[in-house]
Amino acid sequence: MSKWIKKIFVRLKGACYVMFFLTILFWICAGAGIFWVSNPAFYIFMGLLTLCEIIVLLSIVLLDRFYFNEVNEILNNLEKLNVRLRTQRHEYLNEMQVVYGLLELDEYEEAKRYLKPVYTDIATINKAMKTSKPAVNALLAAKIEASKLANASLYVEINSNLENLKMRQWDFCKIIGNLIDNAITAVSSNPGSRDIHVILWEDVSSIYLTVYNNGPMISKDKQALIFKRGYTSKKGEGHGFGLVIVKDIIVEANGSIEVESKENKTSFCVKLPKSEVVSK
């Protein structure tokens with residue numbers, strides 16, 4: 001979010017809180033008999049004003065929680081990706097000088113060993129840079145890093161540039177982000193390998209997203225509950241809404257989501273209709 005939009009939003013939120021506080025103070029004073037107005041129209045007006053302030057405050061809180069925070073996260077991901085790409089460019093120039101020096105000395109095996117981690121790092125970023133949606137690219141790059149911190153391996157296979165995606169890219173980011181976060185949580189208890197796969201592809205009419213992991217199996221009875229609001233297998237408060245949000249977005253886009261779980265493999269498969277291609 002740009003700084004001036006954020007500044008306006010903060011000031012608007014502050015003004016709404018002040019107005020709501022003054023309105024509540026009025027009703028407290030009126031109830032305590034500190035002052036009295038005989039005209040009932042005045043109290044009707046204040047009642048309507050209080051109702052409007054409550055609606056505005058709820059709207060602001062919901063916007064702050066479900067929209068601006070997510071937009072901020074997307075912009076932060078884009079900024080981190082941009083910084084990382086610029087940093088890598090500088091590092092690679094230095095590393096190429098080292099490789100050139102090794103080749104000049106005929107140290108071919110040493111140059112090969114030196115290039116292997118460099119190539120792995122380049123390939124990791126390239127996996128997340130194949131769509132036409134910058135927010136999706138940045139999110140995938142961020143989740144690759146997040147999976148590393150969780151000692152998990154995130155494998156990305158992209159066979160669609162999402163050019164005909166029929167939804168806002170940040171809504172699509174909510175779908176991918178929540179599914180990957182759930183997968184990271186699912187494999188966190190694995191004593192051995194922690195593997196997560198993201199596959200994105202398309203056909204003539206639809207875009208498909210599959211996220212699967214080698215975490216524990218989800219039983220049939222729990223599969224019927226995971227998309228219900230408030231249900232969660234995680235401890236603590238604030239959980240149980242990720243998959244609900246995912247399903248709501250998908251249903252609104254006339255898509256579908258299916259879950260299949262067996263020993264050492266749980267898959268979430270999303271199908272979304274493509275936007276109509278305008279013929280030139």
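How many residues lie between S2 and S3 in the hairpin that they form? In this predicted model, the hairpin of S2 and S3 has 3 residues between its strands. Strand S2 (residues 195–202) is joined to strand S3 (residues 206–213) by 7 bridges, and the two run antiparallel. Within this pairing, His197 is placed opposite Tyr212 of S3.

S2 also pairs with strand S1 (residues 153–158), through 6 bridges and in the parallel sense. Here Glu157 faces Ile199 of S2. The chain passes from S1 through helix H5 to S2, and this β-α-β crossover is left-handed.

Among the buried residues of H5 are Phe172, Ile176, Leu179, Ile180, Ala183 and Val187. An α-helix has 3.6 residues a turn, so residues three or four places apart point the same way.

A second hairpin is formed by S4 and S5, with 2 residues between the strands, and in it Asn264 adopts a positive phi near 70 degrees. Strands S4 and S5 (residues 265–273) pair in the antiparallel sense over 7 bridges, and Glu260 has Ser267 of S5 as its bridge partner.

On the surface, Val18, Phe21, Leu22 and Leu25 make up a nonpolar patch with about 390 Å² of accessible area together. Leu22 belongs to helix H1 (residues 3–31) and is partly exposed, at a relative accessible area of 49%.

Conventions
Residues are numbered from 1 along each chain as its sequence is written. This is a predicted model: local features need pLDDT of at least 70, side-chain atom pairs count only at pLDDT 80 or more; totals for chains, interfaces and linings use all residues. Side-chain values use heavy atoms; hydrogens and water are left out. Buried means under 20% relative accessible area, exposed over 50%, partly exposed in between (1.4 Å probe, protein chains only). Helices (H or I, at least four residues) and strands (E, at least two) are DSSP runs, numbered from the N terminus. Patches are made of residues with over 30% relative accessible area and no salt bridge: like charges are joined within 9 Å, nonpolar side chains (Val, Leu, Ile, Met, Phe, Trp, Tyr) within 5 Å. Accessible areas come from the Shrake-Rupley method with a 1.4 Å probe; for residues, only the protein chains shown count as cover. A salt bridge is a side-chain nitrogen of Lys or Arg within 4 Å of a carboxyl oxygen of Asp or Glu. Two strands pair if DSSP finds at least two bridges between them. A crossover is right-handed if, with the strands pointing away from the viewer, the path from the first strand over the helix to the second runs clockwise.
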